[in-house]
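Subject: Structure for you to look at

Hello,

Please find the structure below.

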Amino acid sequence: MKVGKIAIIGAGNMGGAIVNGLLKSGYVEASSIAIADPRKQTLEKFSAQGVNTFQDNSQAVETADLVILAVKPYHIEKVIDGLKPALNPQKIIVSIAAGVNLSDLTKLIGEEYRIFRVMPNTAISLQESMTCISGNGNSEESLAVVKELFDHLGATVVINEELMAAATVLASCGTAFALRYVRAAMQGGVEMGFGAEMAQFITAQTVKGAVQLIMNTGHHPEREIDKVTTPRGITITGINEMEHKGFSSSVIQGLIASFNKIERG
Ligand SMILES: NC(=O)C1=CN([C@@H]2O[C@H](COP(=O)(O)OP(=O)(O)OC[C@H]3O[C@@H](n4cnc5c(N)ncnc54)[C@H](OP(=O)(O)O)[C@@H]3O)[C@@H](O)[C@H]2O)C=CC1
Ligand SMILES: O=C(O)[C@@H]1CCC=N1
């Protein structure tokens, strides 16, 4: 079931990335998208692409069928308070604010509303997001609308809200974690003699290929790793050194630190 008009509140990293993904997908026309942000300058690049832009959040949602709240978590309450008079239960509400749970959103917006917590990542601008979705259960039909929308912007899974903090760490923070590996490998590549640009190209294509090996086959990563690690060879020497220095342990501890940050605020 296709959504009609979409309003996005907040034109920062994620609000902007969602607009870019939507325009790239062709799923909705630019004229069916509205985006609001306090700063006129932030909005200029969107109006240049035919998107409706507003400095007033209430005006942006006036004709919207679905409203995406893409402001910082600490702005959510104030933004919803300001929007309230312009909302009605016909409008589906989607919040991407990390750590803001459905019961708090429902208290702020209203029991009768169809409200979704959605956790995308910045690759949504390229229609390559991993997006996790949970809803307040007020309508299966609107879940289909929200899922179809985000299916056009990458892959989606519908999850229980109790897993949303874990989803945020793995899928949303995960973009930064993965890119830190890329950067570290580049630094090693430069020390071994490549220029930074070539080191980036070689590392990025290698990571892309490695990911495709497990995505296309469904193999466990270790099965593909076993094919690379020649006995007494070069790869196992490097992997074991990384593990002696705490590679897997560092990654897991970092994920749990992020998870605890969401859980404890
Ligand atoms: N960045 C990421 O990878 C991800 C972020 N998220 C969530 O998405 C949300 C947005 O994050 P992100 O895009 O990174 O943050 P940004 O700060 O980049 O974007 C938020 C935007 O909202 C604007 N804004 C501030 N106050 C208001 C207001 N009252 N009404 C309308 N717009 C306002 C900000 O303007 P100004 O800068 O002038 O204050 C800014 O342009 C957060 O809740 C975050 O938890 C979820 C998944 C991934
Ligand atoms: O770091 C953050 O708080 C946001 C939420 C998920 C990704 N970035």
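Two residues are called in contact if their C-beta atoms, placed from the backbone, lie within 7 Å. This is a predicted model, in which local features need pLDDT of at least 70 and side-chain atom pairs count only at pLDDT 80 or more, while totals for chains, interfaces and linings use all residues. Residues are numbered from 1 along each chain as its sequence is written, and chains are lettered from A and ligands numbered from 1 in the order in which they are written.

Leaving aside neighbours within four places in sequence, Val 79 is in contact with Ile 9, Asn 57, Leu 69 and Val 71. Val 79 belongs to helix α4, residues 76–83. Helices (H or I, at least four residues) and strands (E, at least two) are DSSP runs, numbered from the N terminus. A residue is buried if 20 or more other C-beta atoms lie within 10 Å of its own, exposed if 12 or fewer, and partly exposed in between, with C-beta atoms placed from the backbone. Val 79 has 20 such atoms within 10 Å, so it is buried. Ser 58 is 21 residues from Val 79 in sequence and 9.7 Å from it in space, C-alpha to C-alpha.

A nonpolar core is a set of buried Ala, Val, Leu, Ile, Met, Phe, Trp, Tyr and Cys residues joined through C-beta atoms within 7 Å. The largest one here has 56 residues, and those with the most contacts inside it include Ile 9, Val 67 and Leu 69. Helix α1 gives the most to this core, with five residues. With neighbours within four places again left out, the contacts of Val 67 are Ala 7, Ile 9, Val 61, Lys 91, Ile 93 and Val 94.

**The two ligands**

A residue is near a molecule if its C-beta atom, placed from the backbone, lies within 6 Å of it. Ligand 1 is surrounded by 27 residues, the closest being Gly 10, Gly 12, Met 14, Ala 97 and Ala 98. Helix α1 (residues 13–25) gives the most to this shell, with three residues. Ala, Val, Leu, Ile, Met, Phe, Trp, Tyr, Cys and Pro count as nonpolar, Asp, Glu, Lys and Arg as charged, and the others, Gly among them, as polar. The shell around ligand 1 has 14 nonpolar, 10 polar and three charged residues.

Around ligand 2 are Ala 98, Thr 168, Ser 172 and Cys 173. These divide into two nonpolar, two polar and no charged.

**Helix α8**

Helix α8 (residues 196–217) has 22 residues and reaches 32 Å from its first C-alpha to its last. That is close to the expected 32 Å, the expected span being 1.5 Å times one less than the number of residues. Two of its 22 residues are buried, so α8 lies largely in the open. Just after α8, Gly 218 takes a positive phi of about 75°.

**Two residues with positive phi**

Most residues other than glycine have a negative phi. Gln 127 is not a glycine, yet its phi is positive, about 60°. Gln 127 sits in the loop between β6 (115–119) and β7 (129–135), and is partly exposed, with 17 other C-beta atoms within 10 Å. Arg 232, also not a glycine, has a positive phi of about 60°. Arg 232 is in the loop between α9 (221–228) and α10 (234–244), and is exposed, with 7 other C-beta atoms within 10 Å.

Regards
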